[in-house]
Amino acid sequence: MLRRVPSEPDGPGLVPQAMKVALSWTGEPGRFEELTHEQLIDQSVRAAAALTRAGVRAGDRVAVHLPLVPESVIATLACGRIDAVRSTLPVSLRAPELADRLRSAGANVVITADAGFWEGAVRPVKSVLDRALARGGTDVRTVLVVNRCPRPVAWESGRDHWWHEALSVD
């Protein structure tokens, strides 16, 4: 359960709790991100609102098909905020396996990445999801795509939405 962090310093000369680093992430060479408590809570609130706009309600499943990136933590917190169930789909799955897991999960929304960087190379993530969805038999109607690697990505209008755009809606 998330708790509100005080906006006042914890004591003389101390940094307010909200400004302390809550998440440090080191990824592909040269990529490092830090989120404070305040930023992490803000992003999770925005993500929860985006999921709600996508039709997710308490008890619904949200499939998370992300590499180990900060957005994975944000998605988990967002699901907790709206009492949705996070269903993890490893990025190592091939399309047939992913299609089976999506059918089993019964998720209407999938959060994925355009691509990921591991083992020294950029690897496709969304294209594998697209192939899995093309196999049919899933309930997926919305795909939120985290932009991790600047490269072209196939897009299905009406179904696919950029994560950062969905979170920027007020």
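## Arg-86 in strand 4

Arg-86 is partly exposed, with a relative accessible area of 24% (partly exposed falls between buried, under 20% relative accessible area, and exposed, over 50%, with a 1.4 Å probe and protein chains only). The residue sits in strand 4. Strands here are DSSP runs of E with at least two residues, helices are runs of H or I with at least four residues, and both are numbered from the N terminus.

Which residues does Arg-86 touch, leaving aside its neighbours within four places in sequence? They are Val-62, Val-64, Ser-72, Ala-75, Thr-76 and Cys-79, where contact means heavy atoms within 4.5 Å. Val-64 is 22 residues away from Arg-86 along the chain, and the C-alpha atoms of the two are separated by 6.8 Å.

Residues are numbered from 1 along each chain as its sequence is written, and side-chain values use heavy atoms, with hydrogens and water left out.

The average pLDDT of the chain is 89, and 89% of the residues score at least 70; pLDDT is the predictor's confidence in each residue, from 0 to 100. Residues 1-9 have a pLDDT below 50, and this stretch has 14 contacts in the model beyond near neighbours in sequence. Where pLDDT is low, the predicted coordinates should not be read in detail.

## Helix 1 against helix 2

Two packed helices are described by the angle between their axes and the distance between the axes. For helix 1 (residues 37-53) and helix 2 (residues 70-81), the axes come within 8 Å and cross at roughly 60 degrees. Axes are lines fitted to C-alpha atoms, for helices over the stretch in contact, and angles run from 0 to 180 degrees between N-to-C directions.

On the helix 1 side, the contact residues include Leu-40, Ile-41, Val-45 and Leu-51; on the helix 2 side, they include Val-73, Ile-74, Leu-77 and Arg-81. By class, this contact of helix 1 with helix 2 has 11 nonpolar, 2 polar and 1 charged residues. Ala, Val, Leu, Ile, Met, Phe, Trp, Tyr, Cys and Pro count as nonpolar, Asp, Glu, Lys and Arg as charged, and the others, Gly among them, as polar.

Helix 3 (residues 95-105) and helix 4 have axes that come within 8 Å and cross at roughly 65 degrees. Their crossing is right-handed. Helix 3 contributes Ala-95, Leu-98, Ala-99 and Leu-102 to the contact, and helix 4 contributes Val-128, Leu-129, Arg-131, Ala-132 and Leu-133. These residues divide into 8 nonpolar, no polar and 1 charged.

Buried residues in helix 4 are Lys-126, Val-128, Leu-129, Asp-130, Ala-132 and Leu-133. Among the elements that the buried residues of helix 4 pack against are helix 3, strand 3 (61-65), strand 5 (109-113) and strand 9. After helix 4 comes Gly-136, with a positive phi near 80 degrees.

## Salt bridges

The structure holds 11 salt bridges, each a side-chain nitrogen of Lys or Arg within 4 Å of a carboxyl oxygen of Asp or Glu. Asp-42 and Arg-46 are 4 residues apart, about one turn of the helix. Asp-42 is partly exposed at 35%, and Arg-46 is partly exposed at 27%.

What links Lys-126 to Asp-160? Their side chains meet in a salt bridge (2.8 Å, N to O). Lys-126 lies in helix 4 and Asp-160 in strand 9 (residues 160-162), so the pair ties together parts that are 34 residues apart in sequence. Lys-126 is buried at 0% relative accessible area, and Asp-160 is buried at 3%. Lys-126 also forms a salt bridge with Asp-130 (2.9 Å, N to O). Lys-126, Asp-130, Glu-156, Arg-159 and Asp-160 are linked in a network of salt bridges.

## A positive phi at Asp-83

Asp-83 has a positive phi of about 60 degrees although it is not a glycine. Asp-83 lies in the loop between helix 2 and strand 4 (85-88), and counts as exposed at 54% relative accessibility.

Terms used: Left-handed = near helix turned anticlockwise from the far one by under 90°.
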